Amino acid sequence: MRYGIYVVPAAIVLTLGSLACKPPKTAEQIKADTQRAFNEGYQAFKDGKPRATNPYVTNKEEPYMAQGWNDGWDKAKADQEAADKAAADKAAADAKAAADAKAAADRAAAEEAARKAAEAVKETVHMAAAKALMNIHFDFDKSDIKENDRPTLQHIADFMKAFPEAKVEIAGNCDERGTNEYNLALGNKRAAAALAYLKTLGVDEARFTTISYGKEKPLCTEANEACWSQNRRDEFKLK
Amino acid sequence: MPRFLIRTLLCVLAAAGLSAQQTEVVLTATSSTKLVLAMTAPKATGLDDASIAAEFTAVLRRDLDETGIIAVLQERLPVDGAPAKAWKEAGAQWLLSTRLTKAASGDLKLEASVLDTAAESGLFSRTYNANKVVPLRYLAHYLADDLVGRLTGEKGVASSRIVFVRQVSNGVKELFQIDRDGADLVQLTRNGSLTLSPTVAADGRLAYVTYKAGPPEIWGQRRKDGPHERLYPASGAGGMLSSPTWSPDGKRLAFVQGDRRGNSDIMVLDLATGRARRLTDSNGINTEPAWNPNGNQLAFTSDREGGPQVFLMQDDGSNLRRLTSEGLYNASPAWSPNGAMVAYVSRFEGKFDLFVYKLGEGKAYQITTGVSTSESPAWSPDERRLVFTSNRFGSSQLFTTDLSGRQIVRLSDLAGCQSPRWIRGR
């Protein structure tokens, strides 16, 4: 018992000493602790706790804990904001794509409608042309418009007036008799005769082109008048 | 005398036999004024008899026959090596001996000599050398041309060629060239469109009308062996264009331009300046210009007095006068190479025939007679014959005729031919 009085102080000393001599934490431990605090802070944000609830603020011994917690909370907040922004951007992009697609579809539909309308007009022009643009015929070595071809030319003039955009080529042709060159000139004369007549019917002559094929493009190749009379002709072609 | 009759009969029979062949003589008249030539069989080295017969002897015989001035003695020939006297008694005035050699390289050599059987003296001797790309036939042509030259002072035209238009398919016509004897057909254009009215300058430059762009354009060669380029219009469309015709010096091109009022006019394009000048006065159809050999006058067809007639004028459009007086349809004038004649076609009773107007006499002579239509006369370079197209065997084919119209020869059996032009070979 003689040493009993030392026990308490010794214990105190030992306790204090052991406290004072508590070994310093290693870098790994600090890193792990910081990560733990970081995770806690990250979770705290997700749980809706404000930044001021950092439990490590008072731990002056280990300031990295408070820092880690705050970093975790900040990171969680930044991640949240980035996610929100990405979602917003995607929504905007989706909306724009949808709008673009609709515009393109509208445009295609409009074009299709216009094309169909143009085709319908073209079809109408072609059908009208097929009816109106009939050949006219001439006597041998002549380029005078014959009496019975006047209604045909009137129909052509009516067609040109009904379709003010239409342009027509007049091609003069001859039968096989006579020289190649003279017949080219004669074909030119026949095309010109129709052009002059159509002008008198009030059609702008600039809407016609003329060409001569002479006797180079016969419709019929037999050597008789039935064939020759078909070949002595003006053809009218929609351009 | 009986002997002469027999010979004449044999000649007629020979002609009849020949007319059955591909290269037929439609009509042959033998004339006692022809020089009678006999050929000994060619002596040959390196060539077989069959190819000599087909590629040389037959070609030479036909060339000489078509000269119209040399008759080849074909029957009752003395044996080879017989004395000149024997050939003279057989009727030959000239005796032609030939030797053909084909070297290992393929090069050909022809040695030819002619003996005057009366004087018993040589009057022609020449050696022809040709490298292997030259066909044997050409040596026959060269020899025939020289024999004619020896006889008349002007080389013959056996080695000449014809440029013409031929229908390839519906609405497509192209230019072709063929040897004067109907061999060696060559296609000159591939426009895939109407290609018309060829004209060949003295140096071989071609010009023609093509519809390959739609409206007609005049294309041709600005320089010898040059590319085909557009000559007129320089840009845009030129209306109706036809009948380009080189002036004799090849510096100008006469052609026809039609307007939208139906007139067509003779124009002359100066190739150096590119400037075109109108010579006629827009009073209807004026077409088919044909230069005289001096290049200071043009013949052309005009309907200014009603139907088509042939007129003449200076190359500036002055001194206009009508040439043809008879008939209602006279066209397609072709001025002869020596300037004294104008060939043309005339329509009579629905048929077209060839006529030749002799300027010195002021008279026209009919060449072909009414069996069918004959068109587009063009002169041979030696002025002895005309090439033309005729439908006498159906489709339009190429023929030649002498100026009497008695010796008409079908040049080839190609169908759908038009607008022939006769040019000298190289």
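1. In this predicted model, the centres of domain 1 of chain B and domain 2 of chain B, taken over C-alpha atoms, are separated by 36 Å. The domain assignment places domain 1 of chain B at residues 31–152 and domain 2 of chain B at residues 161–423. Six residues from domain 1 of chain B and six residues from domain 2 of chain B make the contact. On the side of domain 1 of chain B, the largest share comes from α2(B), with four residues. By class, that side of domain 1 of chain B has one nonpolar, one polar and four charged residues.

2. Chain B as a whole contains four helices and 31 strands. Its C-alpha atoms fill a box of roughly 75 × 50 × 40 Å along the principal axes.

3. Two helices of chain B deserve a look: α2(B), residues 49–67, and α4(B), residues 136–152, pack with their axes 8 Å apart and at an angle of about 30°. Angles under 35 degrees count as roughly parallel, and α2(B) and α4(B) are therefore roughly parallel to each other. Their crossing is right-handed.

4. Which residues of α2(B) and α4(B) meet? From α2(B) they are Ser51(B), Glu55(B), Phe56(B), Val59(B), Leu60(B), Asp63(B), Leu64(B) and Thr67(B). From α4(B) they are Leu136(B), Arg137(B), Leu139(B), Ala140(B), His141(B), Leu143(B), Ala144(B), Leu147(B) and Val148(B). The residues of this contact of α2(B) with α4(B) divide into 11 nonpolar, three polar and three charged.

5. Next, the contact between the chains. On the chain B side 29 residues take part, and they are in contact with 20 residues of chain A. The elements of chain B that give two or more residues to this side are β11 (195–200), β15 (240–246), β16 (252–258), β19 (286–291), β23 (330–335), β27 (374–379) and β31 (417–423). Of the side of chain B that touches chain A, β15(B) provides the largest share, with three residues. This side of chain B has 10 nonpolar, 14 polar and five charged residues.

6. Chain A is also divided into two parts, domain 1 at residues 26–127 and domain 2 at residues 133–238. How far apart do the C-alpha centres of domain 1 of chain A and domain 2 of chain A lie? The distance between these centres is 75 Å.

7. In chain A, helix α3 (residues 63–132) and helix α4 (residues 150–162) pack at an angle of about 165°, and their axes are 9 Å apart. Angles over 145 degrees count as roughly antiparallel, so α3(A) and α4(A) are roughly antiparallel to each other. The crossing of α3(A) past α4(A) is left-handed.

8. The contact of α3(A) with α4(A) involves Ala128(A), Ala129(A) and Ala132(A) of α3(A). On the α4(A) side the residues are His155(A), Ile156(A), Asp158(A), Phe159(A) and Ala162(A). Sorted by class, the contact of α3(A) with α4(A) has six nonpolar, one polar and one charged residues.

Key:
Residues are numbered from 1 along each chain as its sequence is written. Chains are lettered from A and ligands numbered from 1 in the order in which they are written. This is a predicted model: local features need pLDDT of at least 70, side-chain atom pairs count only at pLDDT 80 or more; totals for chains, interfaces and linings use all residues. Axes are lines fitted to C-alpha atoms, for helices over the stretch in contact, and angles run from 0 to 180 degrees between N-to-C directions. Angles under 35 degrees count as roughly parallel, over 145 as roughly antiparallel, 65 to 115 as roughly perpendicular and the rest as oblique. A crossing is left-handed if the near helix is turned anticlockwise from the far one by less than a right angle, and right-handed if clockwise. Two residues are in contact if their C-beta atoms, placed from the backbone, lie within 7 Å. Ala, Val, Leu, Ile, Met, Phe, Trp, Tyr, Cys and Pro count as nonpolar, Asp, Glu, Lys and Arg as charged, and the others, Gly among them, as polar. Domain bounds come from an automatic or database domain assignment.
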